[in-house]
Structures are given as C-alpha cells and as structure tokens.
Amino acid sequence: MAKQMYENNKVQENCVTIVVCTKKSDNKDRKLGEINRLAESSGLNVVTSFSQNIKEFSRATVLGSGKLQEIKREIEGLEEKISVVIVDYALTGSQMKNISDVLGIRVLDRVGLIIDIFATRALSSEAKLQVKYAQDRYLLPRLKEYQGTSGRYGGAGVGMRGPGESKLELDRRKLENEMARIKKEIQKAKTQRQVTKRSRENSGIPRIALVGYTNAGKSSLLNLLAKDQIYADDRLFATLDTTSRKLFLGEGKSAVLTDTVGFISDLPHELIDAFSSTLEEAQEADLILHVVDVSMTKNIDGEKEYLKNIQVTNEVLKDLNCTDNRILVLNKADILKEPILLEENQILISTKTGKGIDKLLDLIKSKI
C-alpha cells in the first residue's frame, strides 16, 4: 500500500519534553512515557525530559519561573541543538509564547503534537479534511502568538506539517471562512457515508468494531482475521482512516470488521469532534473487540499500565453509549512475561504468532 502521507519535513529534530502534573492522580512516569512516545511517533528525537508537580499554578507560563530557568540552563548545557520543546499540557497561545520567550525555543503543547501526528497519518480525502479542520480549530485562538513564535524559529517542522502548514498567514476571518467550508465538506462526506451504512444495515450483516488504546495491535488483528494486508506499524496513531473488511465466519455467515483510530488519555477535543466518523463505527457496532497490549505490565500507582489503558478506552466507550456486547482481546501474549487470569469474555492472543486467533473466531461467532 502506498503511504502518501504528509511527511514533507523528514529532517529529524531534537526536542525536550516537559510533563506537568496538576492532579494527585497524575503519574509522572506514565505521563513521561506517553509524551515521549508521542514525540518519537512524530519523528522527534527526545534528548531529555523534565517534570514539575504544580501546586501554585502560573497563569502566564503554567510552570514556575524557577523551573523554567532551570530547564533553560540545562538545555543550554546540552550538546544537541534543541529545535522544539514539547509541553505535556494544553497551553493557551499566550502561554506558549511566554514559555518560548523564556527558553528561546519554539514550543508545542500536547494538543498541537497529537494534531501534528494526525496530519502525517491522514490518507483519505475525508481524513485530510478532518485534520485540516482540527488544525484550524486549534490555531484560531492561538493565531497571533503562533505566527510570532513560528516566525522567530522557522515555519517548518513538527507542529507545522500537513494540509494546513502553508496557511499560517491567514487572518482570523479567512480562517473562520475556511473552517466553515471544510465543515460543509465533512458533513457532505458524512452524509455519503450514512447512505453506505444504511445499505449495509439493510443487508443484515453484523458489524464488528476494533477499538482500543493506540498501538495495541488493532490493524494487525484486522489483517489476521480478514486475511488482508492493511498498513500497520509500531507507532502511536499509525493508522487513522476507518478501514472495513469482510470477515468470513463459515457456514455462509460473515460480518463487517472495522478498524478505528486508537484512543489515548486526554485525547484533544478538537480531534474527538473532527474524527467522529471513526468513533461512529464503535457506536453503531453490534460487537466490539477491545484490543489491549497486555505486555504493558509496568506498575503505576499499584495498578498495571495495561489496566489503566483499558480504563481509558472504557471511559470513551461509555461516553459514546457503545454496546456492552464486547470481547476483551489481550494481545502480545508472545512477549508477556507473567501469567494472566482470564475472566469471562476475555481472550489472550498474539497477532505476531497467531496464538488464540481460532479461539477468538469461535468466541466472535458465539456473540453475533
């Protein structure tokens, strides 16, 4: 499959990441691991990381002035030239500018980073429209500060890629008009998709949605079950476009199996709205295969990381009012280092070795 994605800036940039913990429930190690993986998925080289527990919140910079000066000194002492600072927090435009002014480096927040990753992964025309809308929606309240920051530190690289990269000079009115136009195009695509769905519903073929935390192995599982070769990679948000394939269940029975975009904690609301099409597949499914990377057994606050990921996905599914007819598919059994006690409607598999796939198919047949 040709991978014609928005990877128009392939020079790897060095970055540092900053994690901000504002709640008692925040786990520094988990947040650091996630933001670093997001940065690496965006093609960045993470040189070092910093963190701060925020007690007295700074409206101007979020981080305390002392911490920012400490980070600045450490960055200046690094051998590597740092191109961008990634802050694991949803920053306002003025906060991004203020932090950038102190550090003397371009700043990108968590929301902007995830949108940038989505921009490099979009393949279909609808996904590209959705990414562009999300970029514009993110940019609109930050337009003045964002233009100033990008002007000082260059107008290329992470955070400035994808279908919206050449539009930073737009004024607010033009940007709002562009968003209105894109929204109409997305609605038109949605209407066309609903016609297709109605046709599929009339066929009486059951619908199965693959959901789960990003990089859990959903696309690989679709390939195994449907005997196909859709694009799959060991990166966060490796695939964005909704992909549906026919799943043959034997005895003349079949189902439509759909892969969806991966979930992640604190997914930006700009992208939840923009990518409603892929979430609709989970809403309308007759059966959900909740795929989990069970090899993530690191303890976080006394609970294994994969259990935290299950919780994140379950919260999203609950918000979407998805069916309770689900199978918890515990993937990556081939690298699991400790035994797991399975409960009802749970199955242990490996998409790499094929372990448990036949049993999963039997379980699917019994649920639809």
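Mentor: The discussion below takes the sheet, then the helices, then the charged pairs and the cysteines. Please bear in mind throughout that this is a predicted model.

Trainee: Let us begin with the sheet. In what order do the six strands of the open sheet stand?

Mentor: As a general idea, strands of a sheet pair through backbone hydrogen bonds, in either a parallel or an antiparallel manner. Here the order is β6-β7-β5-β8-β11-β12, and the pairing is mixed. Strands β6 (243–250) and β12 stand at the edges with a single partner strand each, so one side of each has no neighbour in the sheet. From one strand to the next, the twist averages 25 degrees.

Trainee: Which helix packs on this sheet, and which strands does it touch?

Mentor: That is helix α12, residues 357–367, which touches β5, β6, β8, β11 and β12. The direction of α12 makes about 170 degrees with that of β11.

Trainee: How many bridges join β8 to β5, and how many join β8 to β11?

Mentor: Strand β5 (residues 207–212) is joined to β8 by five bridges, and the two run parallel. Two residue pairs illustrate this: alanine 209 has isoleucine 288 as its bridge partner in β8, and glycine 212 has valine 291. Towards β11 there are six bridges, again with the strands running parallel. There, histidine 290 stands opposite leucine 328 of β11.

Trainee: What does threonine 313 contact, beyond its neighbours within four places in sequence?

Mentor: Threonine 313 is in contact with Val211, Gly212, Tyr213, Phe263 and His290. The residue lies in helix α11, residues 305–319. Its relative accessibility is 0%, so threonine 313 counts as buried.

Trainee: How should I read the burial pattern of a helix? Which residues of α3 are buried?

Mentor: The general idea is that an α-helix has 3.6 residues a turn, so residues three or four places apart point the same way. In α3 (residues 93–103), the buried residues are Gly93, Gln95, Met96, Ile99, Ser100 and Leu103. They cover an arc of only 165 degrees around the axis, so they lie on the same side of α3. Just after this helix, glycine 104 takes a positive phi of about 75 degrees.

Trainee: Let us turn to the charged pairs. How many salt bridges are there?

Mentor: Side chains of opposite charge can pair when their charged atoms come close. In this model the count comes to 17 salt bridges. One of them joins arginine 181 to glutamate 178, with an N to O distance of 3.9 Å. Both residues lie in helix α7 (residues 172–202), three residues apart, which is about one turn of the helix.

Trainee: Are arginine 181 and glutamate 178 buried or partly exposed?

Mentor: Arginine 181 has a relative accessible area of 42% and is therefore partly exposed. Glutamate 178, at 11%, is buried. Both belong to a network of salt bridges that links Lys132, Asp136, Glu178, Arg181 and Glu185.

Trainee: Which parts of the chain does the pair of lysine 304 and glutamate 338 link?

Mentor: The closest N and O atoms of lysine 304 and glutamate 338 are 3.0 Å apart in their salt bridge. This pair links distant parts of the chain, 34 residues apart: lysine 304 is in strand β10 (residues 303–304), and glutamate 338 is in the loop between β11 (326–331) and β12 (346–348). Lysine 304 is partly exposed at 22% relative accessibility, and glutamate 338 is partly exposed at 33%. Another salt bridge joins glutamate 303 and lysine 308, at 3.9 Å from N to O. Glutamate 303 is partly exposed, with a relative accessible area of 30%.

Trainee: Finally, how many disulfides are there?

Mentor: The count comes to zero. Cysteine 21 is buried, with a relative accessible area of 5%. Cysteine 322 also counts as buried, at 9% relative accessibility.

Note on methods:
Residues numbered from 1 in each chain as written. Predicted model: local features only at pLDDT ≥ 70, side-chain atom pairs only at ≥ 80, totals over all residues. Heavy atoms only, no water. Salt bridge = Lys/Arg side-chain N within 4 Å of Asp/Glu carboxyl O. Helix = DSSP H or I, 4+ residues; strand = E, 2+ residues; numbered from the N terminus. Buried < 20%, exposed > 50% of the residue type's maximum accessible area, 1.4 Å probe, protein only. Contact = heavy atoms within 4.5 Å. Arc of directions from axis to C-beta. Pairing = 2+ DSSP bridges. Disulfide = S-S within 2.5 Å. Axes fitted to C-alpha atoms, helices over the stretch in contact; angles between N-to-C directions.
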